[in-house]
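User: I'd like to learn how to read the packing in a model like this one. Could you take me through it feature by feature?

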Amino acid sequence: MTTASRLTAAVLAALTLMHTSSALAQGSLDKPKNRYYYEERGDMIWEVRTSQKVIALTFDDGPDPLETDGILEVLHEYHAKCTFFAIGKRIAAYPDVARRVINEGHELANHTYNHVYFKKPISGEQIQQELELTEKEIVKVSGRHSSLFRPPGGMYDETLIDVSNSMGLKPVLWSWHQDTRDWNRPGVWSISSRVIRNARSGDIVLFHDHVHGRSQTKEALKIILPELEKQGFRFVTVSELIGLSDVQQAKTDRQITY
């Protein structure tokens, strides 16, 4: 090959590399900002990849002096630790129930102050105000801030994710196959069979500890907990589940090695 040919080949190779790098960068920029985008970045959680047989049961919309207390009784019987995404104004109304959640080893997390279904585009000022008001109530009953937040109805956009993360509150939704719809009171068997049939390691299950009408959640838990326990599952809080993720364990192992 002549010197001129070699020079031409080198220039073409460089141009190809630049084009490829540009295309890859553009592809990264064009990546749709959906669940998988935010999960990959660690900005939001739907479920956790883990090799351990653990599952996180979560309860929204409480505290409720009747329903929450009844659920806590069942959880205590099976030594299950769970996460309660509580509404700020209900914590203010029922602080003793919120304290019981904490005193029995469960996690109290943020579910906004007024149970706002945020309309897109979401106002950063509104989400910050809702979260701050709820954090004040959580601190009153627990002495510390929470670290997790669930937007009502699972409604979110980039603003909500950015604001909540900047406040130290990780947005948490739920496994798509583990929405019990217990708020609609579909029947004890419907609730329990959905959870048991779909149970996978790392799941985050959605329940409610405050619903309109007679709740079926407590009775469903009496079926779910012993069955999943028999299958070898442990019931942990969402924060504990995050700590047991394969990604988190790998990071810890690397730190210990170094």
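**Reading the fold**

Analyst: Start with contacts, meaning heavy atoms within 4.5 Å. Among contacts in the chain between residues at least 6 apart in sequence, 77% join residues at least 24 apart. Bear in mind that this is a predicted model, where local features need pLDDT of at least 70, side-chain atom pairs count only at pLDDT 80 or more, and totals for chains, interfaces and linings use all residues. Residues are numbered from 1 along each chain as its sequence is written, and side-chain values use heavy atoms, with hydrogens and water left out.

User: How many helices and strands are there in the chain?

Analyst: Helices (H or I, at least four residues) and strands (E, at least two) are DSSP runs, numbered from the N terminus. Here the chain has 11 helices and seven strands.

User: What share of the chain's residues count as buried?

Analyst: Buried means under 20% relative accessible area, exposed over 50%, and partly exposed in between (1.4 Å probe, protein chains only). Of the 258 residues, 46% count as buried.

User: Which faces of strand E6 are covered?

Analyst: The general idea: in a regular strand, side chains alternate between the two faces of the sheet. In E6 (204–208), both faces are covered, with Ile204, Leu206 and His208 buried on one side and Val205 and Phe207 buried on the other. That's five of its five residues.

User: In what sense do E1 and E6 pair?

Analyst: Two strands pair if DSSP finds at least two bridges between them. E1 (residues 54–60) runs parallel to E6 in this pairing, over five bridges. One of the bridge pairs is Asp60 with His208 of E6.

User: And which residues of helix H8 are buried?

Analyst: In H8 (residues 188–198), they are Ile191, Ser192, Ser193, Val195 and Asn198. Their cover includes strand E6 and helix H9 (217–230).

User: At what angle do H3 and H9 pack?

Analyst: Axes are lines fitted to C-alpha atoms, for helices over the stretch in contact, and angles run from 0 to 180 degrees between N-to-C directions. Angles under 35 degrees count as roughly parallel, over 145 as roughly antiparallel, 65 to 115 as roughly perpendicular and the rest as oblique. H3 (residues 67–77) and H9 pack at about 10°, their axes 9 Å apart, which means H3 is roughly parallel to H9. Gly70, Ile71, Glu73, Val74 and Leu75 of H3 meet Thr217, Lys218, Leu221, Lys222 and Leu225 of H9. By class (Ala, Val, Leu, Ile, Met, Phe, Trp, Tyr, Cys and Pro nonpolar; Asp, Glu, Lys and Arg charged; the others, Gly among them, polar), this contact has five nonpolar, two polar and three charged residues.

User: How do H5 and H6 cross?

Analyst: The axes of H5 (residues 95–103) and H6 (residues 124–142) come within 9 Å and cross at roughly 70°, so the two helices are roughly perpendicular. On the H5 side, Pro95, Ala98, Arg99 and Ile102 make the contact, and on the H6 side Lys140, Val141 and Ser142 do. Four of these residues are nonpolar, one is polar and two are charged.

User: What about loops: is Thr237 buried or exposed?

Analyst: Thr237 lies between strand E7 (234–235) and helix H10 (238–243), and counts as buried because its relative accessible area is 7%. Beyond its neighbours within four places in sequence, Thr237 is in contact with Ala56, Lys81, Cys82, Thr83, Gly105 and Glu107.

User: And Ser51, buried or exposed?

Analyst: Ser51, in the loop between helix H2 (35–41) and E1, counts as exposed because its relative accessibility is 66%. Ser51 and Asp246 are 195 residues apart in sequence, yet 6.7 Å apart in space, C-alpha to C-alpha.
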